[in-house]
Amino acid sequence: MSGHNALNLIDIKPGARLRTNEGAIVELIENPQDGVWLICRYVEHPSEPELVGDDEQTVFAQDIVGLADGHQQGEGS
């Protein structure tokens with residue numbers, strides 16, 4: 001079995017919080033749905049706290065390891 005996560009980033013909606021492979025938490029601002037890039041803002045970053053704030057950052061989709069909140073998007077909505 002592969003270690004690749006099954007999260008389909010093309011379907012993730014703005015507002016979702018995602019965890020990166022660096023242990024950072026990002027909030028999705030815009031999803032171009034290209035499967036490559038996500039436009040996010042950092043909510044937490046363990047090694048580069050200066051990235052945290054309202055500035056939009058491009059995040060490489062392969063750097064996303066899963067949802068930060070531990071539940072599937074749309075649950076409880």
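User: What does the accessible surface of the protein come to?

Analyst: About 5,000 Å², and carbon and sulfur atoms account for 46% of that. Keep in mind that this is a predicted model.

User: And how much of the protein is buried?

Analyst: Of the 77 residues, 30% count as buried.

User: OK, secondary structure. How many helices and strands are there?

Analyst: Zero helices and five strands. Along the sequence that reads β-β-β-β-β.

User: In what order do the strands sit in the sheet?

Analyst: The order is β4-β3-β2-β1-β5, in an open sheet with antiparallel pairing. The edges are β4 (57-60) and β5, each of which pairs on one side only.

User: By how many degrees are neighbouring strands turned against each other?

Analyst: On average 50 degrees, with direction ignored.

User: Zoom in on β1 for me. How many bridges join it to β2?

Analyst: Three; β1 covers residues 17-20 and runs antiparallel to β2. Within that pairing, R19 stands opposite I25 of β2.

User: Switching topic: how many residues are in the largest nonpolar core?

Analyst: There are 15 in it, and those with the most contacts inside the core are L7, L9, I12, L18, V26, L38 and I64. At least two core residues come from each of β2 (25-30), β3 (37-44) and β5 (64-67). The largest share is from β3, with three residues.

User: Take L9, then. What does it touch, leaving out residues up to four places away in sequence?

Analyst: L9 touches N31, L38, A61 and I64. Of these, L38 and I64 are also on the list of core residues with the most contacts.

User: What about E27, is that buried or exposed?

Analyst: E27 counts as buried because its relative accessibility is 18%, and the cut-off for buried is under 20%. E27 is located in strand β2.

User: Which residues does E27 touch, again skipping those up to four places away?

Analyst: G15, A16, R17, I39, C40, R41 and V43.

User: Last one: what share of the contacts with a separation of 6 or more is between residues 24 or more positions apart?

Analyst: That share is 35% for this protein.

Methods
Residues are numbered from 1 along each chain as its sequence is written. This is a predicted model: local features need pLDDT of at least 70, side-chain atom pairs count only at pLDDT 80 or more; totals for chains, interfaces and linings use all residues. Side-chain values use heavy atoms; hydrogens and water are left out. A nonpolar core is a set of buried Ala, Val, Leu, Ile, Met, Phe, Trp, Tyr and Cys residues joined through side-chain atoms within 4.5 Å. Buried means under 20% relative accessible area, exposed over 50%, partly exposed in between (1.4 Å probe, protein chains only). Helices (H or I, at least four residues) and strands (E, at least two) are DSSP runs, numbered from the N terminus. Contact means heavy atoms within 4.5 Å. Two strands pair if DSSP finds at least two bridges between them. Axes are lines fitted to C-alpha atoms, for helices over the stretch in contact, and angles run from 0 to 180 degrees between N-to-C directions. Accessible areas come from the Shrake-Rupley method with a 1.4 Å probe; for residues, only the protein chains shown count as cover.
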